[in-house]
Structures are given as structure tokens and as C-alpha cells.
Amino acid sequence: MKKNRWLLFVCLLSARMLAAQEIALTFDDAPIADGLYYTGVARTETLIAKLKNQNVPQVAFYCISSRADSAGRARLRRYAEAGHIIANHSHSHSRIQQLGAAGYVQDIFKADAILRELPGFKPWFRFPFLDEGRTLADRDDIRQALNERGYFIGYVTVDNYDWYFERLFQAALREKMQVDHEKLEQLYLEHLWQSLVFYDQMALAALGRSPKHVLLLHENDLAALFIDGLINFLRAKGWKIISPAEAYTDPIATTIPDVLLNNQGRVAAIAKAKGYAGRFSQASEDTEYLEKLFEQQQIFQMEKR
Ligand SMILES: [Zn+2]
């Protein structure tokens, strides 16, 4: 009996190790305006070049169409022409509660009309703030409208606070502080890695397997600065970078959980529907936590006079 159990353990462990650990990269809120490190154009060109150098042929950009003025549109076109996917992240990046479900749906299709003409466009919608509605009526009205227009919900599986790293970075640049780039990169990679491990463990508990993951990033300066480091880091950990289209072939793509908790991503929503008893977000998905961490590690220092 004991021997059998041991064998089972070994088998499960090897199955776990053999399981492809795969992840797709997605960038929200494109095209983001000039930062204090990169102009918008330089950021776009940097991302395209680094992805190409790292042999990552396809990522997805979830776009806010109100930003697609002629300069913004030209940047989206550059991504599309480089082989990347252009998808819908609404026109105004509002919350459902602000617009009401009907207004929210209009906002989605306003974006559709603007983005659809770009090469590389896919009718995938990612909810701003990953918020799919606070009431069942809103949630279901919006889901139905998306469905009727042939839209797919461009979910994520790995939520994280990359946007807050960017906010702290831009604030430090504004204050003309010295930035320890090496430490910042380490902290950024570590944060993303811990997020991936956190949601992968949740998936193992709730699904019994590691799904094809979808990482949420933003099209910001830090992403352009560290994307090559991130790809190397993930590959060194044994992970394979796949295209978003491939990630969305995972069975979880068609498992739409009947819950209102969606703002931590698809794995968390499925876990919630299955009665998962663990935490749904990790300690580092918190602004105060991250501020303290940045202070402790002295990522930014006042310029010496
Ligand atoms: Zn967004």
C-alpha cells in the first residue's frame, strides 16, 4: 500500500514536471502616452525589437481606442505589422458602474469600429480593471452583447501590480531621483514570477493542472525596459512563451464561471466557482506593500548634490 502510494506520488510529480508550462504575453492600455523614460514611439519600437530578438513572434495589445489619434494609431499599426494582435480594451476605459451596462456596451463597440480596420485585429475584449460587472444583470447583459457580436473575452490568468511599479518609477523620474535599474529589474521580475507561481498553484488546486497561462502586463516604460529580461527569466525557469491565440485554446477559455469575482483573472474565477478555500490575491497585489518594499530596497535615491 505504502509502495503504491509512493509510486502514485512519483507519477504525479513526473506528470507535473512534464506538463508544459506555457504562458502568453499581453499588454493592456496601448497606446500609452509618452513616459519619462521612453516616448510612446520609442517604447513601441523598443518592444517590437526586443520581442523579435527574443523570438517571440506574437503578443497581444489590448487597446484603448480613444488614444488612437493619428500618432497613436500609427503605433498600433506598427505592432500589427510586426505580427502582433490588436484587441479591444474599450474606447474610454471606464467602469461599468460609470456608464451603465448599455453605455458600456456602446463604448466597447465604438472601440470595435475604430480598431477593426487595423491589420492584426481580433474581436477579443478585455474588461478594463478586469471588472466584468458587479451585478449578475450587468454581467449577463454585457456577456450577451459580446457574444452576439462574435466577441471572445480576452481573459488573463496572471494578475499582478506591474502598473503600480510603473507609477512609482514615473514618480521617481519626475522627482529626478536616481534609479537603481538592476535592483528595479530584479524586483519587477520577482514580482511577476511570484504572481505566476501564485496563480499556477491556484490552478493546480482548482483544475488539477497548469493551464496555458495569459500574463497581464501594460504597454508602459517598464515593460519595454524589462521585457527581454522577463522572457529570459521565464525561459530559464523552464517556461515556454506561446502566442495568445494558442493560450486561448486551453479548455479554460470556454469555461465561463458563474461568479461575480472576475477581477483576479480566469483561474481565480474558476477557483471561486469550485469553492477554492485559499486566497484569491497575493500580498504583493497591494500598493502599500509595494511602497514599503521599494523603500526597504532603496530602489530610488535622491540625486547626490
Ligand atoms: Zn486597462
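Analyst: A residue is called buried when its relative accessible area is under 20%, exposed when it is over 50%, and partly exposed in between (1.4 Å probe, protein chains only). By that scale histidine 91 is buried, because its relative accessible area is 14%. The model is predicted, so local features need pLDDT of at least 70 and side-chain atom pairs pLDDT 80 or more, whereas totals for chains, interfaces and linings use all residues. Residues are numbered from 1 along each chain as its sequence is written, and side-chain values use heavy atoms, without hydrogens or water.

Histidine 91 belongs to the loop between β3 and α4; such helices (H or I, at least four residues) and strands (E, at least two) are DSSP runs numbered from the N terminus. Although 16 residues separate histidine 91 from aspartate 107 along the chain, their C-alpha atoms are 5.4 Å apart. A contrasting pair is asparagine 53 and alanine 111, which are 58 residues apart in sequence and 31 Å apart in space, C-alpha to C-alpha. Asparagine 53 lies in helix α2 and is classed as exposed because its relative accessibility is 63%.

Serine 90 is also placed in the loop between β3 and α4. Serine 90 is buried, because its relative accessible area is 1%. The backbone here deserves attention: phi of serine 90 is near 85°, a positive value in a residue other than glycine. Most residues other than glycine have a negative phi, and most peptide bonds are trans. Lysine 176 likewise has a positive phi, near 55°, and is not a glycine. Lysine 176 sits in the loop between α6 and β6 (178-179), where it is exposed because its relative accessible area is 62%. Another backbone feature is the cis peptide bond between alanine 30 and proline 31, with omega about -5°. Proline 31 is part of the loop between β1 and α2.

A salt bridge is a side-chain nitrogen of Lys or Arg within 4 Å of a carboxyl oxygen of Asp or Glu. How accessible is aspartate 131? Aspartate 131 is buried, because its relative accessible area is 6%. Arginine 95 counts as partly exposed because its relative accessibility is 30%.

The structure holds 17 salt bridges. In one of them, aspartate 28 and arginine 126 meet through their side chains at 2.6 Å, N to O. This pair too spans distant parts of the chain, with aspartate 28 in strand β1 (residues 22-30) and arginine 126 in the loop between β4 (121-125) and α5 (136-148), 98 residues apart. Both aspartate 28 and arginine 126 are buried.

A further salt bridge joins arginine 43 to aspartate 221, whose closest N and O atoms are 2.7 Å apart. Here helix α2 (residues 40-53), which holds arginine 43, is linked with helix α8 (residues 221-236), which holds aspartate 221, and the two residues are 178 residues apart. Arginine 43 and aspartate 221 are both buried. They belong to a network of salt bridges that also includes Arg75 and Glu219.

Asparagine 160 occupies the loop between β5 (152-153) and α6 (162-174). Asparagine 160 is counted as buried because its relative accessibility is 1%. Its side chain reaches the backbone nitrogen of aspartate 162 at 2.8 Å. A polar atom of the asparagine 160 side chain also lies 2.8 Å from the backbone oxygen of leucine 216.

Conventions
A polar contact is a pair of N or O atoms within 3.5 Å; within protein, one must be able to donate a hydrogen and the other to accept it, and residues adjacent in sequence count only if both atoms are side-chain atoms.
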